[in-house]
Amino acid sequence: MRNPVFAFKEFSVLQDKCSMKLGTDSILLGAWTKAKDEKRILDVGTGSGVIALMLAQKTKAQIDAIDIEYAAHIQAKENFFNSKWKPRLTSIHSSIQEFSPTKKYDLIVSNPPYFPLPKSHISSNGNQARFTHLLSFSDLAKHVIRLLNTKGRFFVILPIHEGAMFTNEAEKRKLYLNNYVWVKTTNRKKFPKRILMEFSNSTSDIKDDSMIIIQADNKYTQAYKDLVKGYFL
């Protein structure tokens, strides 16, 4: 069983209650998201709240974190309360479809579900976090547009194929890809495993880059260490 407590430099994350445990995707997204002067941030599908906490560390923003899973909401609420940024962090039990804040957001971030729900998993725990039956890419794009300020930005991480699918749904709604990074887990792999993406309401020259997390000798690359150095002990 994974360690229920994960310690970072400036905060710790309990993960005994939520179904989706801390993973590399969340760490990558939280570290890569370019946030500084934003006043309002939304974390969609917050899980343990780790991305919201990472963004709280590098901004002065008020951060709302929503999750459809009640246990995840309680877990994030607990982690926020135990952090030094608790006045700026709010955990909300809600789906993005039903979420109706009074103001829009300068930045939205999400590590969303991306697997179709197989029949064998219908009664399993954690379906909301893992599968798209309650949050399709179409719905995600639609509601990001609804909740995002005109000049706001949206950051997301997905597998490569699903990233292309989401980009298609986003651009149908005039949410445009501005920046992306291919992520390989090792230089032994021929193709990237994940894609980090930044979207906004305006078109621009697309910036692209690539990153390898682990080298052939099973050590983290310098690029990855530089990205996350503000967070890890």
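A residue is called buried when its relative accessible area is under 20%, exposed when that area is over 50%, and partly exposed in between, as judged with a 1.4 Å probe and with protein chains only. The model described here is predicted, and for this reason local features need a pLDDT of at least 70 and side-chain atom pairs count only at pLDDT 80 or more, while totals for chains, interfaces and linings use all residues. Residues are numbered from 1 along each chain as its sequence is written, and side-chain values use heavy atoms, with hydrogens and water left out.

**Overall composition**

The protein has seven helices and 10 strands, where helices (H or I, at least four residues) and strands (E, at least two) are DSSP runs numbered from the N terminus. Of its 233 residues, 48% count as buried, and the protein exposes about 12,000 Å², of which carbon and sulfur atoms supply 53%; accessible areas come from the Shrake-Rupley method with a 1.4 Å probe, and for residues only the protein chains shown count as cover. With contact taken as heavy atoms within 4.5 Å, 70% of the contacts between residues at least 6 apart in sequence join residues at least 24 apart.

Strand β4 (residues 62-67) pairs with strand β5 (residues 89-93) in the parallel sense over five bridges, pairing being assigned if DSSP finds at least two bridges between two strands. Between these strands the chain passes through helix α3 (residues 70-81), and the resulting β-α-β crossover is right-handed, a term that applies if, with the strands pointing away from the viewer, the path from the first strand over the helix to the second runs clockwise. Within the strand pair, I66 stands opposite I92 in β5.

Helix α3 includes Q75, which is buried with a relative accessible area of 0%. Leaving aside neighbours within four places in sequence, Q75 is in contact with L14, Q15, D16, K17, C18 and S48. In helix α2 (residues 50-58), eight of the nine residues are buried, so this helix is largely enclosed by the rest of the structure; the buried residues run through V50, I51, A52, L53, M54, L55, A56 and Q57.

Helix α6 (residues 160-172) has 13 residues and should span 18 Å at 1.5 Å a residue, which agrees with the 19 Å between its end C-alpha atoms; the expected span is 1.5 Å times one less than the number of residues. Its buried residues are E162, G163, F166, T167, E169 and A170. They cover an arc of only 165° around the axis, which puts them on the same side of α6, the arc being that of the directions from the helix axis to the C-beta atoms. The elements covering these buried residues include α5 (137-147), β7 (148-159), β8 (176-186) and β9 (194-200), whereas the face turned away from the buried side carries the exposed residues H161 and K172.

**Exposed loop residues**

| Residue | Loop | Relative accessible area |
|---|---|---|
| K174 | between α6 and β8 | 57% |
| D205 | between β9 and β10 (207-214) | 71% |
| N218 | between β10 and α7 (222-228) | 61% |
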